[in-house]
Amino acid sequence: MILNLTDINISFGKNHFLGPINASFENGCLNLIVGRSGSGKSTLLKLLAGFHKEFTGSITLDYDKFIPDGNISLTFQNPETIFFNSTVFDEVSYSLKISNLKENEIKEKTNKWLKTWGLSSALYSEKYPFNLSGGEKRRVALAACTILEPKVILLDEPLAGLDRVGQKDLSEIINSLAKEHIVIIVTHEPELLINNNSHILFIDGVYTKEFNVNDFLSKAIQNSDFYPLPEWYVENLKYYVNSQKLPIVKAEEVANFLENQKNK
Amino acid sequence: MILFDRVSFCYNKNQETSFILKEVSFSFKKGAVNGLIGKNGCGKSTIARLIVGLLEPSDGKITITDEFNAKPYYFSGMIFQNPDNQIVGTTIGDDIAFGLENFNLSSDEINDSINKAASLFHFENMLDIPVSKLSGGQKQMLCIASVIALNPCWIVFDEPTSHLDPWARIEFWKIINELVINKTIGIIVISQLPEDINRFDNICVLNDGEIYFNDSVNKFKELKSLPYGIEFPEGWKLEKLLEDEK
């Protein structure tokens with residue numbers, strides 16, 4: 001599946017805000033949108049979800065006109081603050097209930113989906129959402145937002161505010177979702193999500209540019225104003241910016257890379 | 001100095017199992033970045049709320065003394081995790097003014113404080129902008145500006161960098177370091193980001209309602225094991241890996 005954005009210009013009233021954006025998002029990789037606060041990342045998500053309508057240009061899904069209707073889900077920042085059901089099961093199955101599915105279908109689908117999100121139904125179904133840990137709450141919220149399995153899943157800062165274990169669990173689940181869904185993520189911490197086939201849309205002022213992981217890392221190492229990577233990473237890799245296979249921002253990967261370079 | 005003396009806290013006094021904090025004793029000093037870390041749900045935010053007086057300890061005593069500020073407007077301020085919980089004004093200027101207006105200050109004093117706080121966070125030309133137009137990161141910066149305008153003696157930051165972009169994180173730590181050097185405001189930062197640990201001078205590690213570790217960052221670096229849910233920053237891990245190879 002491929003979601004194509006062609007010449008998208010976003011405006012607020014008479015003011016041109018962002019664009020032209022030309023980008024394509026596919027399944028099978030994580031699509032990351034990166035940029036400064038207020039640069040329009042969340043607005044772009046709202047546009048894709050159909051909430052922001054002031055724009056020109058065209059969006060296609062698999063080369064057909066894309067109309068955001070039942071084929072997309074958008075999860076806002078801190079989604080767990082708006083739980084409105086008493087149990088985890090009720091929260092996650094809510095959208096199935098309002099789609100008039102039969103009770104046994106709802107039960108089967110919800111239990112399957114809870115499992116996908118690492119929340120076994122035997123342990124979690126009857127728990128109160130507000131009694132869970134931060135990482136669990138976040139997973140319940142994301143499970144509830146995606147249970148209709150839309151083709152396009154939009155996530156706004158899914159890892160923010162979680163501890164390291166919560167972040168790792170969640171990024172694994174998101175990676176596995178990306179196999180069959182187009183997953184587009186707005187993030188301030190791309191280094192937590194980046195893997196070798198991530199695709200990055202970088203928003204800088206009114207301009208946008210697409211990067212593969214290697215080009216993004218290489219540019220960021222050379223210019224911390226472009227994107228500030230952690231100091232230890234830049235310090236260790238500044239002599240290898242021209243490498244075609246820079247390691248991702250993890251200690252082990254960097255150690256392996258440096259070892260390989262020494263042996264060359 | 002903030003001193004916790006055998007402080008316990010539980011939400012339901014009748015249930016033994018509901019303890020969030022169990023007789024914890026520790027202290028925070030001004031002139032350093034005090035970090036408070038631990039996994040989700042270990043009691044970090046409870047400590048923050050106890051310090052600013054939003055909660056009262058079930059047992060034990062919390063003492064806050066101030067050796068530097070002669071006449072603070074109030075003692076300690078807090079920046080919540082989610083900025084939307086904290087913003088009350090309709091515009092940036094209104095929000096910074098809100099706390100000040102409640103201290104019965106003259107309008108000159110209020111305007112002076114607003115301008116000082118706004119310029120620290122580059123809001124000086126944005127005072128009339130509605131808060132609804134701000135991004136998540138800008139809202140978080142506004143909350144910090146609104147609290148700093150009150151000139152508190154301590155500020156507890158509850159995961160202040162979680163919604164900031166990486167550029168703003170650098171700015172944030174510059175501001176914090178200035179406050180620490182000037183010793184005007186005591187700083188406690190609650191964080192789960194391993195990268196923030198680099199910025200701490202002292203670290204207090206909380207695990208299941210008990211203090212697991214409370215000492216300097218150098219001593220923390222030497223720890224052999226950490227409680228579940230906490231990790232060393234990737235930079236430290238790399239140092240260790242490279243050392244092992246040698």
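This note sets out numbered points on selected local features of a predicted model.

1. Basis of the note. Because the model is predicted, local features need pLDDT of at least 70 and side-chain atom pairs count only at pLDDT 80 or more, whereas totals for chains, interfaces and linings use all residues. Residues are numbered from 1 along each chain as its sequence is written, chains are lettered from A and ligands numbered from 1 in the order in which they are written, and side-chain values use heavy atoms, with hydrogens and water left out.

2. Helix H3 of chain A. This helix covers residues 103-116, which makes 14 residues. (Helices, H or I of at least four residues, and strands, E of at least two, are DSSP runs numbered from the N terminus.) From its first C-alpha to its last, H3(A) reaches 20 Å, close to the 20 Å expected at 1.5 Å a residue; the expected span is 1.5 Å times one less than the number of residues. H3(A) is followed by A:Gly118, whose phi is positive, near 70°.

3. As background, an α-helix has 3.6 residues a turn, so residues three or four places apart point the same way.

4. A nonpolar surface patch. A:Phe84, A:Tyr94 and A:Ile98 make a nonpolar surface patch of about 330 Å². (Patches are made of residues with over 30% relative accessible area and no salt bridge; like charges are joined within 9 Å, and nonpolar side chains, Val, Leu, Ile, Met, Phe, Trp and Tyr, within 5 Å. Accessible areas come from the Shrake-Rupley method with a 1.4 Å probe, and for residues only the protein chains shown count as cover.) A:Phe84 is found in the loop between strand E6 (72-75) and H2 of chain A. With a relative accessibility of 52%, A:Phe84 counts as exposed.

5. Backbone points to check by eye. The peptide bond from A:Gly19 to A:Pro20 is cis, with omega near 5°, and A:Pro20 is placed in strand E2 (residues 15-26) of chain A. A:Asp7 is not a glycine, yet has a positive phi of about 50°. This residue belongs to strand E1 (residues 2-12) of chain A, and A:Asp7 is partly exposed at 43% relative accessibility. In chain B, B:Arg6 likewise has a positive phi, of about 45°, although it is not a glycine. B:Arg6 is found in strand E1 (residues 2-10) of chain B and is exposed, with a relative accessible area of 51%.

6. A salt bridge between chains. The structure holds 16 salt bridges over all chains. (A salt bridge is a side-chain nitrogen of Lys or Arg within 4 Å of a carboxyl oxygen of Asp or Glu.) One of them joins the side chains of B:Arg169 and A:Glu189, at 3.6 Å from N to O. This pair crosses between chains, from helix H5 (residues 166-182) of chain B to the loop between strand E8 (182-186) and helix H7 (190-193) of chain A. Both B:Arg169 and A:Glu189 are buried.

7. B:Glu239 forms a salt bridge with B:Lys221, and their closest N and O atoms are 3.6 Å apart. B:Glu239 lies in helix H8 (residues 234-245) and B:Lys221 in helix H7 (residues 217-221) of chain B, so the pair ties together parts that are 18 residues apart in sequence. Another salt bridge links B:Lys240 with B:Asp244, with closest N and O atoms 3.9 Å apart. Both of these residues lie in helix H8 of chain B, four residues apart, about one turn of the helix.

Key. Buried < 20%, exposed > 50% of the residue type's maximum accessible area, 1.4 Å probe, protein only.
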